[in-house]
Every structure is written in C-alpha cells, then in structure tokens.
Amino acid sequence: MGLEFVLDTEVVRDFVSEVRAEIAAASPAEACERIRPRFAQLLADPVWLPPEYQADAPESGMGGGIGQWLLCRAEDGSLSLFSLVVPAGSETPVHDHLAWGLVGLYRGTQDEEIYARRDHALELLERRSLAPGDFYVLLPPRDDIHRIRTTSDVTSVSIHLLTNDTGCVWRHAYDPDSGEASPFRSGYVNVGCADE
Ligand SMILES: [Fe+2]
C-alpha cells in the first residue's frame with residue numbers, strides 16, 4: 001500500500017514507517033500506547049516541521065486563516081499526518097474526526113472544548129488548556145467532538161496522526177446550541193482530494 005509524502009524527509013519517513021508497523025501489529029488502543037513515545041519526540045523536535053507547514057491559510061475555505069497542511073497520507077485512505085494551523089483569535093467549528101489516532105500541540109496554546117452527543121443535543125463534557133508538547137489519544141466515539149480555539153498571540157500548530165484521510169472524508173460540523181450536524185469536509189491547503 002503506497003504512501004504519499006508531501007513533506008518527504010527522513011524524520012517523517014521514519015516516523016510513519018514505525019507508526020504503520022505498530023498499527024499493523026496491535027489493536028487501536030494498544031497501537032496508540034506504543035506510538036506515544038515517538039509522537040512525544042516529534043512534538044519536542046523544534047526543527048522537523050518547516051515554517052510553510054506552520055503558516056496561516058487564508059485561502060483554505062475553513063475561514064479565519066485555519067487550515068490543514070498535509071505531510072503524508074496512505075493512498076488507500078487509512079492514514080494521514082498533517083498540521084492544523086489556527087491563527088491567534090480564531091476557532092474551529094465544533095467538529096468530529098471519525099478516526100482514531102493521536103493529536104498534539106506543537107506551537108502556541110489552545111483551549112479545547114470536548115462535547116458528547118446526547119439525544120441529538122451537544123453536552124459540553126470538558127474544557128482543557130493545551131501547551132506545546134501536550135497530546136492525547138483519540139479513540140472515537142469517545143471525545144471525538146470538539147472545538148479548538150487559539151489562545152496564544154501566535155498561530156497554534158497541532159500535529160494530527162489519524163487513521164483516515166481526515167482532510168478528504170466527509171465528517172460533521174455541529175451547531176453547539178442545537179446540536180444539529182451538517183456535512184463538513186475540511187480539505188487540505190496544499191493538496192486536493194481524489195474526487196475533487
Ligand atoms: Fe479536531
């Protein structure tokens with residue numbers, strides 16, 4: 001199964017190949033546990049992610065300069081590694097991901113609100129503040145619905161390793177008041193989707 005490297009460096013290639021070996025060998029929860037140390041290393045490494053993948057994305061269509069820069073994905077849609085940039089003062093819609101994986105903060109600070117869906121309404125479960133190096137395991141449906149707001153005066157950059165082609169799948173954005181879901185596809189700033 002082929003890989004598309006947009007950021008084709010040794011660090012990214014080594015990381016992705018180790019991750020794929022863990023995914024092939026274990027359950028999702030176990031694979032995430034095994035990937036944690038390598039993911040923490042990536043978040044702590046100040047040089048592997050070039051500035052262009054940390055830049056605001058005013059043209060992305062997500063609004064507020066928010067965008068997803070693809071770094072690598074599997075051609076069969078089973079994996080993607082991307083950075084999400086959220087400029088100072090911007091916030092994402094409330095959204096889901098529909099895939100398991102790891103998400104961590106690389107630069108800036110964020111507040112995150114996590115929701116659960118109850119009888120078509122959204123219930124705010126938790127608010128947490130994230131600093132660089134903080135990361136969490138995402139195992140849907142638990143904690144899959146959230147919103148991110150950048151609280152730093154610089155653009156926040158988070159690294160997502162998820163087991164779908166997150167930018168290209170149709171997922172959901174939610175109205176936080178009514179809980180109403182609408183189809184949502186974020187896209188990537190730097191590459192297209194197969195059916196575009
Ligand atoms: Fe998200």
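## Central sheet

Strand β3, residues 80-86, pairs with β10 in the antiparallel sense, and seven bridges join the two. Within this pairing, S80 faces L162 of β10. The model described here is a predicted one.

β3 and β10 belong to an open sheet of six strands, arranged in the order β1-β2-β3-β10-β5-β8 with antiparallel pairing. At the edges are β1 (3-5) and β8 (135-138), each of which pairs on one side only. Averaged over the sheet and with direction ignored, neighbouring strands are turned by 20 degrees against each other. In general, the strands of a sheet are held to one another by backbone hydrogen bonds, in either a parallel or an antiparallel arrangement.

## Strand β5 and its neighbours

β5 has β10 on one side and β8 on the other in the strand order. Six bridges connect β5 with β10, and the two strands run antiparallel. G101 has L162 of β10 as its bridge partner; L162 is also the residue that stands opposite S80.

The pairing of β5 with β8 is likewise antiparallel and comprises four bridges. Here V103 is placed opposite Y136 in β8. β5 is mostly covered, with six of its seven residues buried.

## Helices on the sheet

Helix α1 packs on the sheet and touches β1, β2, β3 and β10. The direction of α1 makes about 155 degrees with that of β1. Helix α2 lies across β5, β8 and β10, and runs at about 15 degrees to β5.

## Aromatic pairs

The model contains five aromatic pairs. One of them joins F15 and F39, whose ring centres are 6.3 Å apart and whose planes make an angle of 40 degrees, a tilted arrangement. This pair links distant parts of the chain, since F15 is in helix α1 (residues 10-25) and F39 is in helix α2 (residues 28-44), 24 residues apart. F15 is buried, at a relative accessible area of 1%, and F39 is buried as well, at 0%. Together with F135, these two residues make up one aromatic cluster.

Another pair is formed by W48 and Y106. Their ring centres are 5.9 Å apart and their planes stand at 70 degrees; the angle is over the 60 degrees required, so the pair is edge-to-face. W48 is in the loop between α2 and β2 (67-74), while Y106 is in strand β5 (residues 101-107), so the pair ties together parts of the chain separated by 58 residues in sequence.

## Arginines over rings

Two arginine-ring arrangements can be described. R13 lies over the face of F5, 4.1 Å from the ring centre. R128 takes up a position over the face of Y136, at 4.5 Å from the ring centre; Y136 is the residue in β8 that stands opposite V103.

## Cysteines

The model has one disulfide. C168 and C193 form this bond, with their sulfur atoms 2.0 Å apart. The torsion about the S-S bond is about -90 degrees, so the disulfide is left-handed. The bond links distant parts of the chain: C168 is in the loop between β10 (156-162) and β11 (171-174), and C193 is in the segment after β12 (181-184), 25 residues apart. Both cysteines, C168 and C193, are buried.

C32 counts as buried, with 0% relative accessibility, and C72 counts as buried with 1%.

How values were computed
Residues numbered from 1 in each chain as written. Predicted model: local features only at pLDDT ≥ 70, side-chain atom pairs only at ≥ 80, totals over all residues. Heavy atoms only, no water. Phe/Tyr/Trp six-rings, centres within 6.5 Å; stacked < 30°, edge-to-face > 60°. Buried < 20%, exposed > 50% of the residue type's maximum accessible area, 1.4 Å probe, protein only. Lys NZ or Arg CZ within 6 Å of the ring centre and 35° of its normal. Disulfide = S-S within 2.5 Å. Pairing = 2+ DSSP bridges. Axes fitted to C-alpha atoms, helices over the stretch in contact; angles between N-to-C directions. Contact = heavy atoms within 4.5 Å.
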